[in-house]
Amino acid sequence: MPKKTELNLDDKKSRLQQITKLLKKAYPDAHCALNHTSAFELLIATILSAQCTDERVNIVTANLFRKYRKPEDYMKVAQTELEKDIHSTGFFRNKAKNIQGACQLLIDKFNGEIPNTMEELLQLPGVARKTANVVLGNAFNIASGVVVDTHVSRLSQKLGLTENETPEKIEQDLSAITPKKDWIMLPHWLISHGRAVCNARKPKCEICPLEKICPSSLLKN
Ligand code: SF4
């Protein structure tokens, strides 16, 4: 594929403005795909979602959240029992260890409640910026940053919004060109589009509402 011309910041801002307008229209119901009824459940679901599909996490949490309702419940069982309960999400040993570590800290330091600042959330085992942004944005409606997952990385690159590869740098690039009011929703729109149309293996450019402004459209190459 020919190398795409790098846009300046103002051009990226204006391209993103067009993109969000079109995606907002295409996915009016875009929302967090991880089922949850509280900030605590969302934290657990997000830890489980590493290297796993949201669909699989939702299957697992349907039972998990009936068995474990609060941080204390996760501390009552042996790590091996929790590992069995989350086994199918992959990396289950590490995830079980992190969940129990996070629950212990929530009990010891935060009165069993989920804190609502980036600084505090990052103290919890298994919680990096992405997980903290998911929880702050979707459970507390706090725009702390832009969630960057694989869909968001791929689409931002394809759409010429970033030339960077790492989630941290891509987050910085997207935050610089996205109005703060859209920080929470932008990832939901991009993820919805990545799932429905701009598939990693076979993007459906012929039906894509972004086709005219997308530098990676297969119809142009
Ligand atoms: S035009 Fe093609 S490559 Fe560009 S966003 Fe749409 S589906 Fe993806």
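Let me begin with helix H2: 10 of the 10 residues of H2 are buried, so H2 is largely enclosed by the rest of the structure. Buried here means under 20% relative accessible area, exposed means over 50%, and partly exposed lies in between, using a 1.4 Å probe and protein chains only. Helices are DSSP runs of H or I with at least four residues, strands are runs of E with at least two, and both are numbered from the N terminus.

Before going on, a note on the source: this is a predicted model, in which local features need pLDDT of at least 70 and side-chain atom pairs count only at pLDDT 80 or more, while totals for chains, interfaces and linings use all residues. Residues are numbered from 1 along each chain as its sequence is written, and side-chain values use heavy atoms, with hydrogens and water left out.

Back to H2. Its buried residues are Ala39, Phe40, Glu41, Leu42, Leu43, Ile44, Ala45, Thr46, Ile47 and Leu48. What covers the buried residues of H2? The cover includes helix H3 (54-67), helix H4 (71-75), helix H5 (79-86), helix H6 (92-110) and H8.

Two packed helices are described by the angle between their axes and the distance between the axes. The axes are lines fitted to C-alpha atoms, for helices over the stretch in contact, and the angles run from 0 to 180 degrees between N-to-C directions.

Helix H2 (residues 39-48) packs with helix H8 (residues 129-140) at an angle of about 150 degrees, and their axes are 10 Å apart. That angle makes H2 roughly antiparallel to H8. As for the cut-offs, angles under 35 degrees count as roughly parallel, over 145 as roughly antiparallel, 65 to 115 as roughly perpendicular, and the rest as oblique. H2 and H8 make a right-handed crossing. A crossing is right-handed if the near helix is turned clockwise from the far one by less than a right angle, and left-handed if anticlockwise.

Which residues meet in this pair? From H2 there are Ala39, Leu42, Leu43 and Thr46, and from H8 there are Thr131, Val134, Val135, Asn138, Ala139 and Phe140. Contact means heavy atoms within 4.5 Å. The residues of the contact of H2 with H8 divide into seven nonpolar, three polar and no charged. In this count Ala, Val, Leu, Ile, Met, Phe, Trp, Tyr, Cys and Pro are nonpolar, Asp, Glu, Lys and Arg are charged, and the others, Gly among them, are polar.

Now H3. The axes of H2 and H3 come within 10 Å and cross at roughly 140 degrees. H2 and H3 are therefore oblique to each other, and H2 passes H3 in a right-handed crossing. On the H2 side the contact is made by Glu41, Ile44, Ala45 and Leu48, and on the H3 side by Val57, Thr61, Leu64 and Phe65. The contact of H2 with H3 divides into six nonpolar residues, one polar and one charged.

Between H2 and H3 there is a loop, and Gln51 is in it. Gln51 has a positive phi of about 55 degrees although it is not a glycine. Is Gln51 buried or exposed? Gln51 is exposed, at a relative accessible area of 68%. A second residue of this kind is Asn111, with phi near 60 degrees, a positive value in a residue other than glycine. Asn111 lies in the loop between H6 and helix H7 (118-121), and it is exposed as well, at 70%.

Some single residues next. Asp73 is in helix H4 and counts as buried, at 12% relative accessibility. Leaving aside neighbours within four places in sequence, Asp73 is in contact with Lys67 and Tyr68. Ser156, in helix H9 (residues 150-158), is buried with a relative accessible area of 0%. Not counting residues up to four places away in sequence, Ser156 touches Leu161, Thr162, Ile170, Leu174 and Leu190.

Last, the cysteines. How many disulfides does the structure hold? It holds zero, where a disulfide is a pair of cysteine sulfur atoms within 2.5 Å. For Cys103, the closest cysteine sulfur is in Cys32, 18 Å away, too far for a bond. Cys103 is buried, with a relative accessible area of 0%, and Cys198 is buried too, at 11%.
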